[in-house]
Amino acid sequence: FLKTHNANISINNYAFSNSDISMGLIYLIRNPLDICISYSKHLGINIDETIKFMISDKTLTFFIDSKNNRYPVPLGRWDTHIKSWQKFNTPKIFIKYEDLLSKTNNMLEKILDYFEKEFNILINNKEIKLSNIKTTTKFEAMRDYEKKHGFNEAQKNIVFFRSAQKDQWKKILTNNQKDRIINEFGLLMTEYNYI
């Protein structure tokens, strides 16, 4: 298993991934109206700067490993990032972050069904495993883990597990900020029922 934030793009004719080296993918998608708030906190920059970051084709961030080595992570725009993985020629499922919050059991079952259907992986004791997944990955447990042990994706002096809520944008974004995001990403936001 590989967890990544990379867009599936090619650099110097080398694709980030392809069906020869990846059997499938699970893509976690989130409303860009909420992403800009969360990412603003994560980066320690204001929302307007974060929106510029999200709509740029050249958006790049860095992964820093345990030895402080920095590796570039090309992201691109929110919509082109998603499209880069939609085109990926392997079995795939797209899970909405908001559905994980409100329909946790259904989404976890969907993921387990994906493994059974696409890869013939029989999951024994499914109910016990689902219960364990929910217990060990609930927000409070992850926040407590970060407090005790840190979290490698957290920026210095910024908490990674901040709120785990949806629709924060309704109270935080200005109309201009909301309209700018919708103007940029409206087609794909409509496809995923965000507008």
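The axes of helix 5 (residues 104-119) and helix 6 (residues 126-137) come within 11 Å and cross at roughly 125 degrees. Keep in mind that this is a predicted model. So what do we call that arrangement of helix 5 and helix 6? The two are oblique to each other, because angles of 65 to 115 degrees count as roughly perpendicular and those over 145 as roughly antiparallel. Their crossing is right-handed.

Which residues do the touching? From helix 5 come Thr104, Asn105, Leu108, Glu109, Leu112, Asp113 and Glu116, and from helix 6 Lys126, Glu127, Leu130, Ile133 and Lys134. Sort the residues of this contact by type and you get six charged, four nonpolar and two polar.

Now for the other pair. Helix 1 (residues 32-43) and helix 2 (residues 47-55) have axes that come within 9 Å and cross at roughly 115 degrees. That makes helix 1 roughly perpendicular to helix 2. The crossing of helix 1 and helix 2 is right-handed. On the helix 1 side, the contact uses Pro32, Ile35, Cys36, Ile37, Tyr39, Ser40 and Leu43, while helix 2 brings in Ile47, Thr50, Ile51, Phe53 and Met54. Here the residues split into 10 nonpolar, two polar and no charged.

Here are the two pairs side by side:

| Helix pair | Axes come within | Crossing angle |
|---|---|---|
| Helix 5 and helix 6 | within 11 Å | roughly 125 degrees |
| Helix 1 and helix 2 | within 9 Å | roughly 115 degrees |

How values were computed:
Residues are numbered from 1 along each chain as its sequence is written. This is a predicted model: local features need pLDDT of at least 70, side-chain atom pairs count only at pLDDT 80 or more; totals for chains, interfaces and linings use all residues. Side-chain values use heavy atoms; hydrogens and water are left out. Axes are lines fitted to C-alpha atoms, for helices over the stretch in contact, and angles run from 0 to 180 degrees between N-to-C directions. Helices (H or I, at least four residues) and strands (E, at least two) are DSSP runs, numbered from the N terminus. Angles under 35 degrees count as roughly parallel, over 145 as roughly antiparallel, 65 to 115 as roughly perpendicular and the rest as oblique. A crossing is left-handed if the near helix is turned anticlockwise from the far one by less than a right angle, and right-handed if clockwise. Contact means heavy atoms within 4.5 Å. Ala, Val, Leu, Ile, Met, Phe, Trp, Tyr, Cys and Pro count as nonpolar, Asp, Glu, Lys and Arg as charged, and the others, Gly among them, as polar.
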